[in-house]
Amino acid sequence: MEARQAARAVQLVRNTGRMMNRNVGHALLFTKVNAAIQTNDEKDVRKETEANDIPVLRSAIVRRAAYTRIFRDGYLLSELLEQAREDVKGSTASAQERILKPLEAAIQNAREYTQEVVNQLPNRKPPHELRIRQNPRGYSAVA
């Protein structure tokens with residue numbers, strides 16, 4: 001199970017930190033989570049990580065078709081959204097929403113995850129000075 005592999009990875013990071021006589025920052029990221037509900041398996045793993053004092057990011061990568069398409073088709077989320085906007089031109093508002101809303105939700109999910117990771121980096125500027133900015137190839141964190 002992936003939770004066991006994550007626990008082994010955390011132990012490896014902690015052991016490496018002890019060997020280096022320093023703390024190596026780390027946190028787990030939950031991926032492929034259900035957007036609507038927290039499953040019993042996820043609840044159990046979250047309780048176990050908390051009991052073992054394993055840091056977990058608040059954001060999680062939600063199971064979305066858009067993420068699958070990134071790897072299947074080799075596109076960025078921003079490119080998928082741009083392509084979808086072209087595809088739905090002239091469609092009804094409800095058809096546009098049905099196509100665009102999941103892509104926009106995936107982009108927002110990725111932004112939240114990225115911002116949380118950036119905020120946890122050492123020697124970073126205060127969170128209010130960091131912004132996630134869209135560029136032609138996707139998104140990047142900038143001061």
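Guide: Start at alanine 66. Beyond its neighbours within four places in sequence, it is in contact (heavy atoms within 4.5 Å) with Leu77, Leu80, Leu103 and Ala106. This is a predicted model: local features need pLDDT of at least 70, side-chain atom pairs 80 or more, while totals for chains, interfaces and linings use all residues. Residues are numbered from 1 along each chain, and side-chain values use heavy atoms, without hydrogens or water.

Ala66 belongs to the largest nonpolar core, which has 12 residues, including Ile61, Tyr67 and Val88. Such a core is a set of buried Ala, Val, Leu, Ile, Met, Phe, Trp, Tyr and Cys residues joined through side-chain atoms within 4.5 Å. Buried means under 20% relative accessible area, exposed over 50%, partly exposed in between (1.4 Å probe, protein chains only). Helices are DSSP runs (H or I, at least four residues), and strands are E runs of at least two, numbered from the N terminus. A second, separate core has five residues, among them Phe30 and Val33.

Now helix 2. Its buried residues are Glu42, Val45 and Thr49. They lie on the same side of helix 2, because they cover an arc (directions from helix axis to C-beta atoms) of only 65°. They pack against helix 1 (2-20) and strand 1 (31-33). The face turned away from that buried side carries exposed residues, including Asn40, Lys47 and Glu50. Just after helix 2, aspartate 53 takes a positive phi of about 55°.
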